[in-house]
Amino acid sequence: MWWLGLRRSLGFKYLVTLFTAVVLPLTMGAAGEAWFGYRDQSRHTSDVLQLQSRSAAERIDAFADEISDQLGWAVQFPWSDGSEGTHKMDALRLLQQVPAILSLVLVDQNGIERVFVSRTRLNVVGRGSDMSNDAAVLGAHANRVWYGPVRYEQDSEPYMRIAVARELATTGVAVADINLKLIWEVIAAIRIGKTGYAIVVDDAGRLIAHPEISLVLRGTAGSEDYQRLKQTLSGRGAATVTTVVAGEASIAAATSVSKLGWTVIALQPTGEAYAALRAGLWRSLVLICIGTLIAVALSYVLAMRMASPIRELEDGARRIGRGQFDHRITLSSGDELEKLAARFNEMAGELAASKQKSERINLLKRFLAPQVAELIETPQGLLEGKQHEVVVVFADLRGFTAFSSRADPEAIIAALREYYEAVGVVITAHEATLIQFAGDGVMILLNAPLACTDPARKAVQLAVDLQAAVQLLARGWSAKGYAMGFGVGIAMGPATVGTIGYEGRLDYTAVGSTVNLASRLCDLARDGQILVDFIVAERVAGSISTDFLGERAIKGFNGSTRIFAVTAGLQGPGSIGASGRGAGESALLPL
């Protein structure tokens, strides 16, 4: 799938790395800043709102205390006959001093209305209405100060009654109607940020004060929302996010006005409260976007910078893999890639040298024994001339001269090819060194140039397998009318081994009496015979059966030479016993 290829691409890996190194820290930093900023801003906003609501509540309390104190001055003198005028003057003076008082009623100690003054109606003295059971009078007598519920005149402006009584019952009670619209000045002066504000609601949720006076003049309209907001904030010690007012998310904190049973609520829209935080988040987002773009750009640049050398390396590796060892990679990046290219070039040079060496060895193997060809390229000096104990094996065909004199050249070459093919397979299997082909004869060397364990036994086993292979061919030749056999001679002893020849042509060979003896034994061997000298017979005694054939004078050797013939005794295919001859046949023919 395409995305799997993308995941494996160098550009994607660079992008992931740079994104992790650049964008991820920015993102984590922005997230941490947002979290801590939100927490700190929420705490700060809560503190400000609570401070503002407490301040407004205290000022409203002070407003109520001031009115109740002023009303107290109106009832400081006891009532008596003819004192209505004096009390009226005190009442009118109080209206002048306290603009919030709309009307004032002075009631004597018997609960009878004695003086009534008002800003909107006629003043009345001595009306004589019985107010002894009025809630304001009863409340004032009971608590000295009584605050009535908020009411709306014509369902618009909010009013409340305040009644005050002195300790002396003879002074009576002062009952005043207070226009709460004047509290708007207190609330309107409160500004929290640019758009934050405060409101006042009574215990029924009715709006008493709001910076927009038109909302107050609506009377009880919307009181359900304010009541729900009041209930939401009730008992909370910290500011709370709410959407009750006008459906706008705001942070709100409330403080109760203890004397009046009202609640001051301070609000600030969340948009303004967290404006700085939001601006910081936008800045962080911009930085993250910039970081992402930088990561993408850098990953692309780095990938392109890496891709070209990598493609050259890949192309070079492909060519070298195809055998173009002369190809060289040229990079000048000055970094590890340049070093890698140099290593590639070194490897190509070494492979070229190895190929040339392999070609030379393969070519040499066509003319030399494989062991000798391998050693020509080694600096170990194994092919230098030296005296060494070796086992020499000579073998050739019997009756080949007569066969070659009367057979066609094609038949002669075909027979030789079959012969050398069979001999070569056996020699290779025994890891012996083929020194030379000489017509129908072969010279084989063991224990040189590479030493081996028990070379005498290996040589005899080699001869046995050679006999088995060639005798199989001989039966086929016999069927074609070719009477040919095969004999082998083996001798062991010291010989001088090494390379001889001239520049352009070298042969590895062995010279000495041991070589001559093996050759003479091969000449003496009849078809199917394997003749060995005394040293070989002694070395293989106990594992391979040999028969002593007697002593014989051999040309080039002083005295007589003891000669032995290998008989049946080797196990496995290719032994004399498996060659088709019985024990004691041609292998035991006397000299």
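# Exercises on burial, salt bridges and packing

R398 and D396 are both buried. The model is predicted, and the exercises below work through it by topic.

## Exercise 1. Salt bridges

Solution. 
- Step 1. Helix α9 holds both R318 and D315, which are three residues apart, about one turn of the helix.
- Step 2. R318 has a relative accessible area of 36% and is partly exposed. D315, at 27%, also counts as partly exposed.

Task: Which residues are linked with R114 in a network of salt bridges?

Solution. 
- Step 1. The side chain of R114 meets that of D108 in a salt bridge of 3.1 Å, N to O.
- Step 2. R114 and D108 are both buried.
- Step 3. The network links E84, D108 and R114.
- Step 4. For the structure as a whole, the count of salt bridges is eleven.

## Exercise 2. The faces of helix α13

Solution. 
- Step 1. α13 covers residues 409–429, which makes 21 residues. Its first and last C-alpha atoms are 30 Å apart, close to the 30 Å expected at 1.5 Å a residue.
- Step 2. The buried residues are I412, A415, L416, Y419, Y420, A422, V423, V426 and I427.
- Step 3. On the face turned away from the buried side are the exposed residues E410, R417, E421, T428 and A429.
- Step 4. The buried residues of α13 pack against several elements, among them β13 (386–398), α12 (400–406) and α14 (455–480).
- Step 5. After α13 comes E431, which has a positive phi near 55°.

## Exercise 3. Two residues in contact

Task: Is D177 buried or exposed, and what does D177 touch?

Solution. 
- Step 1. D177 is located in strand β7, residues 173–179.
- Step 2. Buried means under 20% relative accessible area, and D177 has 14%, so D177 is buried.
- Step 3. Leaving aside residues up to four places away in sequence, D177 touches A100, I101, L102, S103, R151, M160 and R161.
- Step 4. S103 belongs to strand β1, residues 101–107. S103 is buried as well, with a relative accessible area of 5%.
- Step 5. With residues up to four places away again left out, the contacts of S103 include F116, V117, S118 and D177.

## Exercise 4. A nonpolar surface patch

Task: Which element gives the largest share of the nonpolar patch?

Solution. 
- Step 1. The patch is formed by V22, L26, V286, L287, I290, I294, L298 and L302, with about 600 Å² of accessible area together.
- Step 2. Two or more residues each come from α2 (10–74) and α9 (275–321).
- Step 3. The largest share, six residues, is that of α9.
- Step 4. One of the patch members is L287, found in α9. L287 has a relative accessible area of 48% and is partly exposed.

Technical notes
Residues numbered from 1 in each chain as written. Predicted model: local features only at pLDDT ≥ 70, side-chain atom pairs only at ≥ 80, totals over all residues. Heavy atoms only, no water. Patch = residues over 30% accessible without salt bridge, like charges linked within 9 Å, V, L, I, M, F, W, Y side chains within 5 Å. Areas by Shrake-Rupley, 256 points an atom, 1.4 Å probe, with all protein chains shown as cover. Salt bridge = Lys/Arg side-chain N within 4 Å of Asp/Glu carboxyl O. Helix = DSSP H or I, 4+ residues; strand = E, 2+ residues; numbered from the N terminus. Buried < 20%, exposed > 50% of the residue type's maximum accessible area, 1.4 Å probe, protein only. Expected span 1.5 Å × (residues − 1). Contact = heavy atoms within 4.5 Å.
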